[in-house]
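Visitor: Could you take me through the aromatic pairs in this structure, with a close look at how the rings sit? I would enjoy one connected account.

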Amino acid sequence: QVQLVESGGGLVQPGGSLRLSCATSGFRFSIAIMNWYRQAPGKERELVAQITATGGTTIYAASVKGRFTISRDNAKSALYLQMNSLKPEDTAMYYCKAANLEVWGQGTLVTVSS
């Protein structure tokens, strides 16, 4: 079955960096458009970044553009999110998801606080 396992979250100070990873299995990762979403407490889940199957095109939410970078390794069926210049408003649970599959992982918590 489809599995998505996010990792790499944690507590970081404002201005710091984190790299999130998503290990996947159970579907053809190499042909899937992949997304990173986040959900802050009391807010709706929002799309943070998207990457096409080959990695040739990426899209970012305006709030993270220039600070976050989405990437993938199709040989490892893995998705990544490099997050730099983190702000307190980036605090949220982060999830990866294949665009065409309604399956969610458990997420990884990112907390940006001094």
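Guide: Gladly! Rings of Phe, Tyr and Trp (its six-membered ring) pair if their centres lie within 6.5 Å; planes under 30 degrees apart count as stacked, over 60 as edge-to-face and the rest as tilted. By this rule there are three aromatic pairs. In one of them, the ring centres of Y37 and W104 are 5.0 Å apart and the planes meet at 70°, so this pair is edge-to-face. Y37 belongs to strand β4 and W104 to the loop between β9 and β10, so the pair ties together parts 67 residues apart in sequence; strands are DSSP runs of E, at least two residues, numbered from the N terminus.

A word on the model: it is predicted, so local features need pLDDT of at least 70 and side-chain atom pairs pLDDT 80 or more, while totals for chains, interfaces and linings use all residues. Residues are numbered from 1 along each chain as its sequence is written, and side-chain values use heavy atoms, leaving out hydrogens and water.

Two charges join the picture, each over a ring (NZ of Lys or CZ of Arg within 6 Å of the ring centre and within 35 degrees of the ring normal). R45 lies over the face of Y95, 4.2 Å from the ring centre, and K97 over that of W104, at 5.7 Å.

Conventions: Helix = DSSP H or I, 4+ residues; strand = E, 2+ residues; numbered from the N terminus.
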